[in-house]
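Work through the exercises below with the sequence and the structure in view. Each task is followed by its solution.

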Amino acid sequence: MTTTRPKQSAVRDFFSGFASFFRGMGVTAVNLVARRKITVQYPYERVKVSPRYRGLFYLPYDEEAKRLKCTGCTLCEQACPTNVISMEKLGAGKHGGVSEFTMDLGRCMFCNLCIEACPFEAIYMGPAYELASYDRNASVFRITDLAQGGAAAVETNIRTITDALAEEAAAKAAKAALAAEKPARQRPASPETAIAKAGETPA
Amino acid sequence: MSIQTTAPNRASQAGQWAAGILITVLLVAIVSALPLLPWQKLEPVTRFFGEHPLLNALIKAVLVATVIALQCLFLIWLERKFAGWMQARLGPMHVGWKGTLQTLADALKLLTKEDVIPAQADRALFALAPYLVFVASMLTFMVLPFSLTWVGYDYNLGALFALSISTVGALGILAAGWGANNKYSLLGGVRAVAQLLSYEIPMILVVLSVVTLADTLSLTRIVQQQAGLWNIAAYPLLLIPGFLIYFACALAEVNRAPFDLPEAESELVSGFHTEYSGMRFAIFFLAEFANNFFTAGFAVVLFFGGWQGPILPPVVWFTIKTLLLIILMMWVRWTLPRLRIDQMMGFCWKLLVPLALALFCATAVYLVR
Amino acid sequence: MTLTTTEISSPGMTLNMGPQHPSTHGVLRLVVELDGEVIHSCRPVIGYLHRGLEKMMEARPYRQNVPFTDRLDYLASLNCNLAMAQAIERIGNVTVPERAQYIRVLLCELNRIASHLVFLGTFATDLGATTVFLYSFREREKVLDLLEAMTGARLTYNWIRAGGVAADLPEGFAEGVRAFLEEFRVALDENDRLLTGNRIFRARCEGVGVIPREMAIAYGASGPVARGSGIPYDIRRVAPYDVYDRMEFDVPVFSEGDCLARYCVRIEEMRQSARIILQCLRELPEGETTTKLPKIFKPPPGEAYSRTESPRGEFSVYLVSDGSPNPVRVHIRTPSFVHLGLLPALLPGVKVADVIAILGSLDTVLGEVDR
């Protein structure tokens with residue numbers, strides 16, 4: 001689709017040019033009078049973000065199990081391109097958790113890869129976007145800032161996990177104790193046969 | 001896009017409404033009570049000031065400066081709001097009711113800025129330039145008739161005086177461009193002056209046509225002759241093209257789009273007021289808006305019947321008409337893109353000057369027939 | 001004052017259109033030598049936005065490199081995601097489900113509209129018509145809201161991955177897109193009345209910055225810059241990817257080669273993008289939205305080159321793999337980088353006031369120039 005512009009005579013050009021001004025002014029007049037003004041007067045009004053909005057992270061809390069869903073598997077830490085996440089694990093396995101979960105949002109690209117990597121649905125991005133601060137350290141978010149339920153949830157989480165781990169440890173210790181209660185293996189005397197006696201040291 | 005608003009503060013809203021109603025009632029009361037005051041008691045004072053030549057001039061000058069300052073305050077706010085509404089946004093809303101105190105806030109900000117004079121600048125010229133431009137704009141108000149009695153000096157050569165004095169502003173711009181010791185300021189200043197002087201020619205020719213039709217240079221007499229019918233309605237074939245030519249020249253005189261290359265922000269050379277900051281820049285800005293008001297007022301006087309109109313007081317009619325013309329100027333500014341300097345010059349010399357000359361000849365032929 | 005008359009009128013006054021521009025072209029520095037009002041020579045200086053993305057990509061596995069591609073051409077980041085994803089798919093022999101292909105085309109065309117709206121706004125502002133900027137961004141806001149509903153982000157989406165897309169369309173997306181396209185058609189017609197037909201706009205753009213056909217080919221121009229000079233080359237037609245071969249759309253080509261031609265190409269492209277989007281919505285099949293890649297993705301050794309038609313031109317990714325989880329080399333061929341090479345040949349002889357118009361009509365994004 002190749003088009004070239006038509007050539008006009010000078011007089012025609014003058015009048016059509018003039019008319020183009022009026023047409024343009026008509027457009028701005030329509031916008032002046034008939035179109036809605038789209039200003040959203042922040043901070044008195046705010047735009048509602050979509051459900052999938054990628055804002056500040058949060059760690060969901062499981063009400064029934066009384067703990068954060070995070071098990072400390074570090075898959076999110078490995079998935080992050082810019083080393084945002086660091087955590088301190090508390091125990092291991094499916095009863096494990098984290099005692100500290102730090103995100104340095106100064107490095108974060110908000111790319112969503114950590115959320116996609118997590119198999120336990122333990123980290124999500126929420127709608128909060130007003131993260132500007134005067135101090136660079138304020139963009140480092142600890143577990144108490146990120147956990148759903150705040151410091152109380154973190155405390156309960158740690159308690160639940162340590163309890164569960166202690167339970168696990170106790171169960172293991174009990175099993176070990178049970179095993180220890182059995183009498184120690186006593187070697188019975190070897191049989192009175194010539195071959196067996198052959199190994200004995202001479203008196 | 002859905003918007004969530006914070007809960008409206010009912011108490012503060014009610015308070016704002018109450019304050020607004022109170023202020024309006026007070027203003028209406030004051031304005032209605034003004035004629036009832038015992039002005040006769042002040043007779044000796046007014047006679048003294050009226051007859052003393054120097055004090056009379058001083059008071060009038062102060063009044064004119066106040067009027068200019070007030071209307072600049074209003075016009076700058078109107079420009080920003082109007083531009084906002086045209087662009088589907090609201091304009092200033094925060095400072096004062098619907099942003100009315102915004103200009104005051106900007107003026108205060110400019111006052112508190114550091115006064116920077118470039119190192120090797122010509123200090124005298126640098127300091128003088130804004131005031132040259134401002135004085136030129138202010139002086140034009142001397143002969144602009146807001147009504148039969150509300151005129152600074154009812155000069156019988158009013159049109160000639162207004163046109164010549166407004167050209168003095170070009171001197172100020174040249175001084176600004178030279179005094180800043182900046183190649184780009186100089187280039188911008190030179191371009192601005194070339195534009196101003198070139199667009200004076202068609203403007204003068206159109207004004208000459210109207211003056212010839214009215215047979216007087218006095219602005220008050222021109223308006224008085226339009227008592228029954230506005231000039232533009234009385235001589236439509238001559239004065240409708242005349243007004244259009246005048247309007248284009250007025251836009252160029254005030255450095256407004258589409259002729260705002262000298263002060264365009266997105267162009268290469270930022271123009272003659274690059275090196276100015278703070279109050280000096282504020283003076284330039286005030287001068288530009290004063291000039292704006294003057295060219296619009298001049299057009300109202302020449303073409304649209306000045307202060308003539310039924311029922312309302314003459315001053316109000318003049319102000320309304322001028323404001324409507326200024327709104328037209330703003331409308332054009334926010335619609336059209338910018339002309340390049342050579343296109344601007346070509347437009348003036350190859351189109352407007354021949355048309356204005358033709359118009360003048362046609363006026364002469366019309367009068368002689 | 002220290003200037004003498006000879007100094008004012010002598011040739012070779014060096015002017016620095018410094019890294020900071022009033023118009024949003026990014027941090028580009030143009031060192032021009034002026035001879036009065038006319039440009040004598042020009043030297044673009046780039047690198048102010050260099051972040052070493054190509055090198056950073058060598059240190060990370062493939063999945064983690066996709067967010068970096070967002071930051072190249074940040075106005076059309078889904079297209080950049082797509083180029084990278086295609087390269088990875090070619091190396092790893094990954095097939096993309098059909099639904100994912102349709103979604104990719106839909107998202108890229110929406111992004112094309114958003115990018116061209118930015119061009120429209122900034123080009124008009126450079127020429128003095130500030131109102132058009134507000135109107136075009138009002139429309140762009142609607143596109144960004146749609147893309148936010150889909151991906152969660154407004155500019156750097158990170159949504160098109162190797163194997164497909166990150167997730168499916170949200171509810172109500174199709175209706176939202178259709179409603180937007182209705183309003184958009186009205187807005188484009190309004191823009192034609194306001195800007196395209198305007199006598200002053202034409203005077204500023206017609207005959208300005210003419211790139212002859214041979215010069216465009218010689219300097220490797222692509223996209224709207226090439227199609228504005230009469231070269232009917234569109235990668236979506238020449239080497240179709242995803243489902244572009246099933247889409248019915250015209251490729252606008254104008255032969256004059258001036259700023260107005262490039263502007264008209266982009267405006268017309270927006271209309272064609274709307275056509276493609278409607279077709280995608282109509283023909284969208286059910287199915288998977290992605291092929292799952294293994295957690296540690298180790299493609300076989302080899303190299304791949306994937307070409308896409310970004311709003312700026314040919315955006316291509318060259319990927320070399322040696323079997324490890326990280327790529328050995330990623331090179332990104334960006335259209336803006338190549339178009340900036342046109343400037344030293346194009347600008348001499350042009351008036352200073354036209355430089356802004358020409359730079360605007362090339363529509364460069366410094367993120368993809370500097371990487």
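**Exercise 1.** In this predicted model, how do helix 7 and helix 13 of chain B lie relative to each other?

Solution. 
- Step 1: The axes of helix 7 (residues 183–214) of chain B and helix 13 (residues 341–368) of chain B cross at roughly 15° and come within 9 Å.
- Step 2: Angles under 35 degrees count as roughly parallel, so helix 7 of chain B and helix 13 of chain B are roughly parallel to each other.
- Step 3: Their crossing is left-handed.
- Step 4: In the contact of helix 7 of chain B with helix 13 of chain B, the residues comprise 20 nonpolar, five polar and one charged.

**Exercise 2.** Describe the overall build of chain B.

Solution. 
- Step 1: Chain B has 13 helices and one strand.
- Step 2: The C-alpha trace of chain B spans about 70 × 55 × 50 Å along its principal axes.
- Step 3: Of the 369 residues of chain B, 43% count as buried.

**Exercise 3.** Which element of chain A gives the most residues to the side that touches chain B?

Solution. 
- Step 1: The contact involves 17 residues of chain A and 17 residues of chain B.
- Step 2: On the side of chain A, helix 1 (10–34) and strand 2 (45–48) are the elements that give two or more residues.
- Step 3: Helix 1 of chain A gives the most, with six residues.
- Step 4: By class, this side of chain A has seven nonpolar, five polar and five charged residues.

Definitions and conventions: Residues are numbered from 1 along each chain as its sequence is written. Chains are lettered from A and ligands numbered from 1 in the order in which they are written. This is a predicted model: local features need pLDDT of at least 70, side-chain atom pairs count only at pLDDT 80 or more; totals for chains, interfaces and linings use all residues. Axes are lines fitted to C-alpha atoms, for helices over the stretch in contact, and angles run from 0 to 180 degrees between N-to-C directions. Helices (H or I, at least four residues) and strands (E, at least two) are DSSP runs, numbered from the N terminus. Angles under 35 degrees count as roughly parallel, over 145 as roughly antiparallel, 65 to 115 as roughly perpendicular and the rest as oblique. A crossing is left-handed if the near helix is turned anticlockwise from the far one by less than a right angle, and right-handed if clockwise. Ala, Val, Leu, Ile, Met, Phe, Trp, Tyr, Cys and Pro count as nonpolar, Asp, Glu, Lys and Arg as charged, and the others, Gly among them, as polar. Two residues are in contact if their C-beta atoms, placed from the backbone, lie within 7 Å. A residue is buried if 20 or more other C-beta atoms lie within 10 Å of its own, exposed if 12 or fewer, and partly exposed in between; C-beta atoms are placed from the backbone.
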